[in-house]
Amino acid sequence: MIDAPINIQPDTETVYEAVDTDANQDCVAPIAYPQEVSENEDLLEPIPPTATRSPTDFDRANLLKGFASIGTAVEAAGKRGRVATATQFAVAVLSFWFARNPKFTAELEKLNFRIPTGKKEFSGAASYIYGLNTGYDDGKRTTSKRVTSLCSRYEGLLRELIKRGLRREDFDFGRDSARRLVAIITDVGGTNALEHTPKEDRDEDPKPIPLSAERKGNVLYLRGTEALGGEGTMFRMPLEVVRPNGNVERKGEAAQSLIEAAIADTAPTLPRTQALAELFEMGGCVLVELSSEPKKHGSDPNDPNTEKRPDEPQVVFHENGKITQSPLVRQSGVVVETRTHVGDLILGQNVQGHTRLETRMRKRIEENLRGDRRRVFDVGVIEAEADTPTGLGRLVIFTDAASGDTERRSVNALLQGLSGRHVPLDVDPNTLKPVTQCEVAADILNANAGSHEGSYATNAEKLFKRKPKAGKGKEAIRPEVTVTIDGRGLTLKSPADANPVTLRATGTKDDGNTKVRLDDFVAFLRTFAKVHSEVTSDVACWMGEAVLCFEFATRSAKHRVFIPKSAGGHRSERSIVKIKNQPWPEGQSLKPNNFG
């Protein structure tokens, strides 16, 4: 524990807070100690002066007596009332931190108080210490709202402590720690200000975590060493000269730095990280489109200047082991289904109900796992905060290769149950019986999927990127591609093609054709090109009642991409349905793993 000294001066006081450094040495950083706190120092007198980390029941009872006596000053006008409120709250926080049972269940039962439900960790303390029975209903839920308000203040205090480089472990049970808490609470504007402090997110920066080349090399060398034989294994790299006549002459061994670089090059991406990165890449099959809803609450949806809400891919983990990515707001769209070969690989556990990954932070995680960066990241699960009622945990990625501040070594996104007006899409399994099917070699499909000039995807993209034209009084029609399966293979024909393009196929069963939106089809091709290096199978193509499906396997997972049929540029809703929400059992959540 680090105890920060207080330097008292005539007009102001300065509290010096402990801050951790990379060298694990203590340093101090001053913050303003408001004059109104020192002018009301007497409010701290009811608090036991002796500091301890192991209070007795007698100590705890004395502290709560102090809470009661301070309460007489809370109604005072002006600064004294504000400081008294802050002091009372500081006492309540210390009582909570050092309680035998932080939920205060036994104490509440003795008072015949209802035990607060929900995930807010401070609720039991707030109910008992402030004498608020949440079971009492005056028709306005006054006591419940008061408990919620106190919990929000506690969470605001925790955010403020983090901002100042402090932890609860830096505080004792005693008067000096209470004084320090009062100083912080008053410094931010009082308990009301704490309640409304913004939930700052350290992962808000859209830029990826900066990586240190030296640390990255160290991480990859250690992983490469482990992959090649583990600690204690000797590595040598002979330096040989090959003459024009074919003779080989050994000229010693390569320098140690070259050997280490070669070992680092062999380091594989961790299976869990690769599976997550590949999942996000597959999400590229789902186009981001503007919905008809306003981006900001309260905006006029009929105003042509109102920004529209983007409908972005939603990642949902299902109880049966599959993971889907699909639109949220619209009624139809591409659905991607993924099943990792190793069950529950990404979360490290089976979910007990539908579990959605928060979109905003998902995009930040995705940005950090692009390309070669993924090789130095690992994946884990941590607990969700108490103020997220639907939170089940957080998916976190982290690295030891971050440069600069070690606090920026991780990014996390909330995992939560399905809630709100909209539910992501899935496919109706009753409509998925193949009408016709074939298989295309992965390399053949990839040759038409890349961004190089002349590929099918590149030519088609030029067409649908143009703004579609509409006749007078008519809606513009999105271009479509006709996909045909027959004895010739897999044939593609769109307005972008001078002539149909046929890909060689095998295993054809029955003949058939369908139309899908060209932009949906190209999104699939582009995505396939990104994951092609990991593909381990041919690509199965089949048509259901109202979808075109592509299936293939990679080293990490099996993927199925369902593209809805199109008529006049409109996606069919025949096989695309809303997920039938399966909520988690009450009180259950994801177990933290592989982080910390």
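At what angle do helix H11 and helix H15 pack, and how far apart are their axes? The legends below start from that pair. This is a predicted model, in which local features need pLDDT of at least 70 and side-chain atom pairs count only at pLDDT 80 or more, while totals for chains, interfaces and linings use all residues. Residues are numbered from 1 along each chain as its sequence is written, and side-chain values use heavy atoms, with hydrogens and water left out.

**View 1. Helix H11 packed with helix H15.**
H11 (residues 271-282) and H15 (residues 518-531) pack at an angle of about 160°, and their axes are 9 Å apart. Axes are lines fitted to C-alpha atoms, for helices over the stretch in contact, and angles run from 0 to 180 degrees between N-to-C directions. Helices (H or I, at least four residues) and strands (E, at least two) are DSSP runs, numbered from the N terminus. H11 and H15 are therefore roughly antiparallel to each other; angles under 35 degrees count as roughly parallel, over 145 as roughly antiparallel, 65 to 115 as roughly perpendicular and the rest as oblique. On the H11 side, Glu-278, Glu-281 and Met-282 meet Thr-527, Lys-530 and Val-531 of H15, where contact means heavy atoms within 4.5 Å. The residues of this contact divide into two nonpolar, one polar and three charged. In this division Ala, Val, Leu, Ile, Met, Phe, Trp, Tyr, Cys and Pro count as nonpolar, Asp, Glu, Lys and Arg as charged, and the others, Gly among them, as polar.

**View 2. Helix H11 by itself.**
H11 has twelve residues and reaches 16 Å from its first C-alpha to its last, close to the 16 Å expected at 1.5 Å a residue. The expected span of a helix is 1.5 Å times one less than its number of residues. Eleven of the twelve residues of H11 are buried, and the helix is mostly covered. Buried means under 20% relative accessible area, exposed over 50%, and partly exposed in between (1.4 Å probe, protein chains only).

**View 3. Helix H9 crossing helix H10.**
The axes of H9 (residues 213-228) and H10 (residues 256-265) come within 7 Å and cross at roughly 75°. That makes H9 roughly perpendicular to H10. Gly-217, Leu-220, Tyr-221, Gly-224, Thr-225 and Leu-228 in H9 meet Glu-260, Ile-263 and Ala-264 in H10. Five of the residues in the contact of H9 with H10 are nonpolar, three are polar and one is charged.

The axes of H6 and H7 come within 11 Å and cross at roughly 95°. H6 and H7 are therefore roughly perpendicular to each other. Leu-157, Glu-160 and Leu-161 of H6 make the contact with Leu-181, Ile-184 and Ile-185 of H7. The contact of H6 with H7 has five nonpolar residues, no polar and one charged. Asp-172 lies in the loop between H6 and H7 (175-187). Asp-172 is buried, at a relative accessible area of 8%. Its C-alpha atom is separated by 8.9 Å from that of Phe-98, 74 residues apart along the chain.

Asn-133 is found between helix H5 (123-129) and helix H6 (142-163). With a relative accessible area of 19%, Asn-133 is buried. Leaving aside neighbours within four places in sequence, Asn-133 is in contact with Asn-112, Phe-113, Arg-114 and Thr-143. Asn-133 and Ser-144, eleven residues apart in sequence, are 7.8 Å apart in space, C-alpha to C-alpha.

**View 4. Two loop residues with positive phi.**
Most residues other than glycine have a negative phi. Phe-104 is not a glycine, yet has a positive phi of about 55°. Phe-104 sits in the loop between helix H3 (78-97) and helix H4 (105-110), and at 5% relative accessibility counts as buried. Asp-344 also has a positive phi, near 55°. Asp-344 is in the loop between strand S10 (335-340) and strand S11 (355-357), and at 32% relative accessibility counts as partly exposed.
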